[in-house]
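I opened this entry to record what I looked up in one chain. I start with the core, then go through the helices, the surface and the charged pairs.

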Amino acid sequence: MADWAPIAKEYDPLKAGSIDGTDEEPHDRAIWRAMLARYVPNKGVMGDPHLTLFVARLNLQTTEEKLKEVFSRYGDIRKIRLVRDLVTGFSKGYAFIEYKEERALLKAHRDANRLVIDQHEIFVDFELERTLKGWIPRRLGGGFGGKKESGQLRFGGRDRPFRKPINLPNMKNDFYGEGSSEKRNWSREGTRDWRTRDRDHERSRDKRWPERERSWAWGDSERERDSKEERSRGRERKDRDRKDRDRDRSRDRDTKKQRDDDKHR
């Protein structure tokens with residue numbers, strides 16, 4: 001814990017694949033690829049790596065002129081290299097910017113990260129290919145960053161630093177009875193307990209089954225009774241409406257008869 005740091009000082013694919021740098025086994029194939037890779041930095045790249053920035057997540061339409069316009073605010077630029085596809089010539093979305101002075105480099109590293117250029121929020125960090133020992137690029141399974149959906153998260157960089165590991169107390173190996181007869185007896189007893197527990201569960205389920213059937217039967221009878229009551233209420237309502245109509249008709253006949261009698265008189 002004394003030499004722990006959120007930023008990797010030496011690249012290790014196994015540690016980069018762990019959220020706190022304590023994993024002992026690779027959790028995806030990309031880490032295996034990075035561990036088996038033998039990568040040699042490109043010797044054809046010119047310039048001072050300690051004065052070079054790595055700029056990523058660029059808009060594919062962003063040009064060298066646009067980058068020079070933005071990053072020249074922080075100091076004098078010696079060279080800009082926008083990485084392009086060898087076949088198509090299109091931008092790959094990242095570039096390297098070399099400054100003349102370290103002061104300008106540090107200022108751009110501090111202020112230009114998450115800057116929006118051509119509707120894209122960019123990512124800025126120091127160049128790692130020639131400065132970080134053991135560096136493996138992303139295309140070989142290494143690198144930092146990554147997306148959660150791909151399952152290839154990488155830690156130890158500026159974008160996603162290591163989380164401080166939990167400092168757990170050391171436990172003795174014999175706490176679990178490793179390699180002793182006590183452990184073997186405990187495991188056998190544990191299996192016996194599980195079997196008896198399963199049998200008890202089966203018996204209790206068999207006992208609960210008749211009760212469940214009774215509850216279902218009670219529910220059916222309850223529903224039948226409710227439907228009968230509903231039908232009886234519907235019949236009573238129809239009878240009441242029919243009586244009301246008969247009463248209205250008889251009243252109309254009486255009034256009509258009275259009117260005819262008055263006319264004949």
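**Core**

I looked up the largest nonpolar core first: it has 20 residues, and Phe 71 and Tyr 99 touch the most other members. I note that E1, H3, E2, E3 and H4 each supply at least two residues of this core. Apart from it I find another core, of seven residues, among them Ala 37, Leu 132, Trp 135 and Ile 136. I take a nonpolar core as a set of buried Ala, Val, Leu, Ile, Met, Phe, Trp, Tyr and Cys residues joined through side-chain atoms within 4.5 Å. I use buried for under 20% relative accessible area, exposed for over 50% and partly exposed for what lies in between (1.4 Å probe, protein chains only). In soluble globular proteins, nonpolar side chains tend to be buried together.

The model is predicted: local features need pLDDT of at least 70 and side-chain atom pairs count only at pLDDT 80 or more, while totals for chains, interfaces and linings use all residues. Residues are numbered from 1 along each chain as its sequence is written, and side-chain values use heavy atoms, with hydrogens and water left out.

I then listed the contacts of Tyr 99, leaving aside neighbours within four places in sequence. Among them are Leu 51, Leu 53, Phe 71, Tyr 74, Ile 77, Arg 78, Ala 104, Leu 105 and Ala 108. Contact means heavy atoms within 4.5 Å.

**Whole chain**

I count five helices and six strands in the chain. Helices (H or I, at least four residues) and strands (E, at least two) are DSSP runs, numbered from the N terminus. The order of the elements from the N terminus on is α-α-β-α-β-β-α-β-β-β-α. Of the 265 residues in the chain, 27% are buried. Among contacts with a separation of 6 or more, 62% come from residues 24 or more positions apart. The chain exposes about 20600 Å², with 49% of it supplied by carbon and sulfur atoms. Accessible areas come from the Shrake-Rupley method with a 1.4 Å probe; for residues, only the protein chains shown count as cover.

**Helix faces**

Which residues of H3 (residues 64-71) are buried? I find Leu 67, Val 70 and Phe 71. These residues are on the same side of H3 because they cover an arc of only 85 degrees around the axis. The arc is that of the directions from the helix axis to the C-beta atoms. On the face turned away from the buried side of H3, I find Glu 65, Lys 68 and Glu 69 exposed. The buried residues of H3 pack against E1 (52-56), E2 (77-84), E3 (91-99), H4 (102-111), E4 (116-117) and E6 (123-126).

In H4 I list Ala 104, Leu 105, Ala 108 and His 109 as buried. Their arc around the axis is only 135 degrees, which puts them on the same side of H4. The face of H4 turned away from its buried side carries exposed Glu 102, Arg 103 and Arg 110. The buried residues of H4 pack against E1, H3, E3 and E6.

In H2, Ala 30, Ile 31 and Ala 34 are buried. They fall within an arc of 100 degrees seen down the axis, so they line one face of H2. Arg 29 and Leu 36 are exposed on the other side of H2. The buried residues of H2 pack against H1 (13-16).

**Surface patch**

I find a nonpolar surface patch of Trp 32, Met 35 and Leu 36, with about 320 Å² of accessible area together. Patches are made of residues with over 30% relative accessible area and no salt bridge: like charges are joined within 9 Å, nonpolar side chains (Val, Leu, Ile, Met, Phe, Trp, Tyr) within 5 Å. Trp 32 lies in H2 (residues 29-36). Trp 32 counts as partly exposed because its relative accessible area is 43%.

**Salt bridges**

How many salt bridges does the structure hold? I get 10 salt bridges, each a side-chain nitrogen of Lys or Arg within 4 Å of a carboxyl oxygen of Asp or Glu.

The side chains of Asp 159 and Arg 57 meet in one of them (2.6 Å, N to O). This pair links distant parts of the chain, 102 residues apart: Asp 159 is in the loop between E6 and H5 (181-264), Arg 57 in the loop between E1 and H3. Asp 159 is partly exposed at 31% relative accessibility, and Arg 57 is partly exposed at 44%.

Glu 127 and Arg 130 also form a salt bridge (2.8 Å, N to O). Glu 127 is buried, with a relative accessible area of 3%, whereas Arg 130 is partly exposed at 25%.
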